[in-house]
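Please consult the sequence and structure shown below.

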Amino acid sequence: CHLVGPALRRQDMHMRDVILVKKRVGGSLWRLATGECYRSCGLMIGLSKSAVFKCCHEFVQQLCLLKDNYIKFPTTRAEVQAKINGFSERRKIPNIAGAIDGTHVPIKAPKTNHEDYFDRKHFYSYSLQGVVDSSGLFLSVSTGYPGSLHDARVLRLSQIFDATENDLILTEPTADINGTIVCPLIVGDSAYPLKPWLLCPFKDNGALNREQKKFNEELSKARIVSEH
């Protein structure tokens, strides 16, 4: 309420009382957290379906203006080291700073180019890519891409890819692993390409040795920790 209140606060009208900021925020949070329809949310807080719809969209618009204050990738050595420490306390793979994955946000079929949004799970969606730390805190979010795009393509279109490829992030602290200097790493699944900063599992073609299988298992656990 403190953050978005000034933008959401309205003046009383002659024939209608204003909707209080607390009710606007409460209804919007409930809608976003539960996925309940606007009508159900309105019945719970005493507002019409259209009023809840408008309140929720205005609330989200204000949150989007504030997102860069809260969702930001660590840039200093100390910030990155703190993220690495979070993973090292739980998993054996060294120098992990984050975990990346994608998901699909269901939408109604767009009127134009609707085939681009039909994803591999057979519904229309936007692709959303997130990078999180060991506690599940978002460090980077990229979204708005058509659902038919592969996760690797979404990665290449995102800002975090340009930043890492141009050495703007994930350059330090480094770790000496058996004589090899390794920069901070992001872990991903097999959908992503192997990069000096992006660690992926060995391709399982049925011929993996014991150590490779053990590595894949440990990498999977590192991703699961952050997802939970």
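**Basis**

Helices (H or I, at least four residues) and strands (E, at least two) are DSSP runs, numbered from the N terminus. The model is predicted, so that local features need pLDDT of at least 70 and side-chain atom pairs count only at pLDDT 80 or more, while totals for chains, interfaces and linings use all residues. Residues are numbered from 1 along each chain as its sequence is written, and side-chain values use heavy atoms, without hydrogens and water.

**Cavity**

On a 1 Å grid over the protein atoms alone, a cavity is a set of points where a 1.4 Å probe fits but cannot get out; a pocket is an open set with protein on both sides within 12 Å along at least five of seven lines, and lining residues have an atom within 4 Å of a point. Grid points are joined across faces, edges and corners, and a volume is the space filled by probe spheres set on the points.

The largest cavity has a volume of about 30 Å³. Its lining consists of Gly102, Ser127, Leu128, Gln129, Asp151, Val154 and Tyr192.

**Pockets**

The largest pocket holds about 1100 Å³ of space. Its lining comprises 33 residues, with Cys64, Lys67, Ile71, Val141 and Thr143 nearest the centre.

The second largest pocket has a volume of about 440 Å³. Among its 18 lining residues, Ile93, Pro94, Ile177, Leu199 and Phe215 are closest to the centre. The largest share of this lining, six residues, comes from α8.
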